[in-house]
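Hi everyone, thanks for making time this morning. I'd like to walk you through some side-chain contacts, so please have a look at the model first.

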Amino acid sequence: MMAFDTDTGQSDAALLDAFAQGSQAAARSLTMRHTGPLLSLARRMLGNEAEAEDVAQETMLRLWKIAPDWREGDAKVSTWLYRVASNLCTDRLRKRRPSDADALDTLPDTRPGAEAGLQSQARATALEAALAELPERQRLAVTLRFLQDRPNPEVAEIMDLSVDAVESLLSRGKRALKDQLASRKDALGFSEDG
């Protein structure tokens with residue numbers, strides 16, 4: 001049997017079918033392919049590494065449970081995963097106490113140099129804080145579209161909205177982020193032009 005990895009070129013649906021037939025290599029490949037992006041989405045939505053890991057793990061567990069019943073063509077596996085992860089994040093956000101938003105974790109520091117790294121970290125922290133202030137639907141739309149590079153039609157499918165509704169959320173979200181970050185442009189190293 002051929003080894004599976006994220007570079008096999010096999011579709012997610014083919015790998016999911018192989019997993020349903022008992023291939024652990026297919027499960028590893030799907031896990032490697034999707035866990036990183038799911039973690040990134042959950043981190044940005046929840047602002048908490050441990051919760052993000054829980055969401056990513058629960059999302060993958062749900063995929064394994066439905067694998068035998070998966071019908072190719074109903075939805076893309078990646079879209080289904082993002083929808084489940086975003087719903088799990090939304091559920092967690094609704095259960096939180098209001099003070100939990102103040103306890104955002106910072107992003108991992110991968111700075112190339114001290115000054116550039118500090119500025120990059122300040123920008124990332126400011127963006128995370130500004131994202132946390134957005135209403136959850138705007139935050140999800142902005143995160144999926146601009147931070148996860150998902151096209152508007154896929155964001156619409158994940159969020160179960162029309163493309164027009166997603167574009168409206170994105171427009172309001174970008175405007176709110178710009179307003180929130182405007183007073184910190186100089187401190188974050190952005191010129192008036194940029």
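Phe 19 is buried, at 16% relative accessible area. For this talk, buried means under 20% relative accessible area, exposed means over 50%, and partly exposed is in between, with a 1.4 Å probe and protein chains only. Trp 64 is buried too, at 18%.

Before going on, a word on where this comes from: the model is predicted, so local features need pLDDT of at least 70 and side-chain atom pairs count only at pLDDT 80 or more, while totals for chains, interfaces and linings use all residues. Residues are numbered from 1 along each chain as its sequence is written, and side-chain values use heavy atoms, leaving out hydrogens and water.

Now, how many aromatic pairs does a search of the whole structure find? There are two. Rings of Phe, Tyr and Trp (its six-membered ring) pair if their centres lie within 6.5 Å; planes under 30 degrees apart are stacked, over 60 edge-to-face, and the rest tilted. Phe 19 and Trp 64 make a tilted pair, with 4.7 Å between centres and 50° between planes. Phe 19 sits in helix α1 (residues 12–20) and Trp 64 in helix α3, 45 residues apart. Helices here are DSSP runs of H or I with at least four residues, strands are E runs of at least two, and both are numbered from the N terminus.

The rings of Trp 70 and Trp 80 are edge-to-face, because their planes meet at 90°, with the centres 6.1 Å apart. Trp 70 is in the loop between α3 and α4 and Trp 80 is in helix α4, so this pair ties together parts 10 residues apart in sequence. Trp 70 is buried at 18%, whereas Trp 80 is partly exposed at 21%.

On to charges. The whole structure has 10 salt bridges, each being a side-chain nitrogen of Lys or Arg within 4 Å of a carboxyl oxygen of Asp or Glu. One of them joins Arg 43 to Glu 49, with the closest N and O atoms 2.6 Å apart.

Another joins Asp 54 and Arg 92, at 3.9 Å from N to O. Asp 54 lies in helix α3 (residues 49–66) and Arg 92 in helix α4 (residues 77–95), so the pair ties together parts 38 residues apart in sequence. Glu 51 belongs here as well, linked with Asp 54 and Arg 92 in a network of salt bridges.

Last one: Arg 83 and Asp 160 form a salt bridge at 3.6 Å, N to O. Arg 83 is in helix α4, and Asp 160 is in the loop between α7 (152–159) and α8 (163–182), 77 residues apart. Arg 83 is partly exposed at 30%, while Asp 160 is exposed at 63%.
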